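I opened this notebook to keep track of what I looked up, one topic at a time. The entries follow the order in which I went through the structure.

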Amino acid sequence: MLVSIDDERLIAGFTTKFGGVSSGVYAELNLAMHVGDNANNVEKNRQILCQKIGANRLIFMDQIHSDKVEALNDINQILDPCDSIFTGISKVGLCVMVADCSPVLLYDKRLNLIAAIHAGRAGVVNKIISKTVDKMGSNPSDIVAIIGPNIKQKCYNIGNMELGEFNKFIKNGYFDMDKSIEFELKNLGIKNMQFSIVCNHCDNRFYSYRKSKVTGRFAGFIMLKG
Ligand SMILES: [Zn+2]
């Protein structure tokens with residue numbers, strides 16, 4: 001586990017491959033149900049993470065590479081498929097599964113709200129981060145943004161793709177997701193941001209879909225302590 005923040009108010013960070021019960025290409029701490037791993041093992045892995053951060057419950061999204069944002073108002077709420085979720089409920093760990101896409105975590109220290117966002121290329125280009133901040137009703141100056149391990153530009157060849165205003169972050173077919181996210185955050189007025197320097201595609205502590213195709217997912221997690 002890479003922990004970015006752990007204080008009296010919240011815990012936020014990113015899992016690695018290590019510390020779980022999955023085997024083979026999913027070893028060890030695969031947190032995704034949709035990738036062909038044994039469901040009982042994934043459930044155990046989720047319990048391990050839940051216990052480790054002291055959560056009453058973890059929330060995983062049914063991620064669809066969309067720009068849909070859901071508000072979690074009740075711990076037992078049934079969620080529609082989405083790629084961003086926020087809440088003000090304590091002891092609920094919001095999780096985003098990734099293996100190349102960017103896990104983006106937000107904390108609004110004034111409203112005491114947290115968000116977990118699945119920001120892949122599609123999500124970034126469709127401004128899922130802006131849509132989340134808007135729905136949270138946040139003042140940008142109150143937000144801390146934490147961006148976890150993702151695929152870095154030198155490993156992310158997207159070929160000829162039309163990304164509108166994000167075209168400027170493509171160089172010789174290689175897309176810079178960090179710069180795109182930074183651009184969006186700055187446009188929103190968010191100044192407090194920290195990016196992981198880790199490329200999950202290069203670093204074997206993390207799953208990478210582009211590298212392995214059949215593989216697990218690691219997670220970004222964020223939880224209000226109370
Ligand atoms: Zn890399």
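Predicted model: local features only at pLDDT ≥ 70, side-chain atom pairs only at ≥ 80, totals over all residues.

**Entry 1, aromatic rings.** I began with the rings of Phe, Tyr and Trp (its six-membered ring), which pair if their centres lie within 6.5 Å, with planes under 30 degrees apart counted as stacked, over 60 as edge-to-face and the rest as tilted. By this rule I found five aromatic pairs. One of them, F166 with F183, is edge-to-face, at 5.8 Å centre to centre and with 85° between the planes. I noted that this pair links distant parts of the chain, since F166 sits in the loop between β9 and β10 and F183 in helix α4 (residues 177-188), 17 residues apart. Helices (H or I, at least four residues) and strands (E, at least two) are DSSP runs, numbered from the N terminus.

Residues are numbered from 1 along each chain as its sequence is written, and side-chain values use heavy atoms, with hydrogens and water left out.

Which residues coordinate the zinc ion? I found C155, C199 and C202, each through SG, at 2.2 Å. Donors here are N, O and S atoms within 2.8 Å of the metal (3.2 Å for Na, K and Ca), and water is not among the atoms, so sites may look incomplete. In sequence the donor residues are spaced C-x43-C-x2-C. C155 lies in the loop between β9 (143-147) and β10 (170-171) and C202 in the loop between β12 (192-195) and α5 (209-212), so this pair ties together parts that are 47 residues apart in sequence. I also compared their cover: C155 is buried, with a relative accessible area of 18%, whereas C202 is partly exposed, at 44%.

A charge sits over a ring if NZ of Lys or CZ of Arg is within 6 Å of the ring centre and within 35 degrees of the ring normal. I noted R46 over the face of F60, at 3.7 Å from the ring centre, and the charged end of K213 over the ring of Y209, 4.6 Å from its centre.

Two strands pair if DSSP finds at least two bridges between them. An open sheet of six strands runs in the order β4-β5-β8-β7-β9-β12, with mixed pairing. β4 (69-72) and β12 stand at the edges with a single partner strand each, so one side of each is left without a neighbour in the sheet. The twist averages 15° from one strand to the next; axes are lines fitted to C-alpha atoms, for helices over the stretch in contact, and angles run from 0 to 180 degrees between N-to-C directions.

Is strand β8 (residues 113-119) mostly covered or mostly open? I found seven of its seven residues buried, with L113, A115, I117 and A119 on one side and I114, A116 and H118 on the other. β8 pairs in the antiparallel sense with β5 (residues 84-87) over four bridges, and I85 stands opposite A116. Seven bridges join β8 to β7 (residues 102-108), again antiparallel, with V104 opposite I117 and P103 partnered by H118. In the hairpin of β7 and β8, which has four residues between the strands, N112 takes a positive phi near 55°.

Helix α3 (residues 128-136) lies across β4, β5, β7, β8 and β9, at about 160° to β8, and α4 lies across β7, β8, β9 and β12, at about 175° to β12.

How values were computed:
Buried < 20%, exposed > 50% of the residue type's maximum accessible area, 1.4 Å probe, protein only. Contact = heavy atoms within 4.5 Å.
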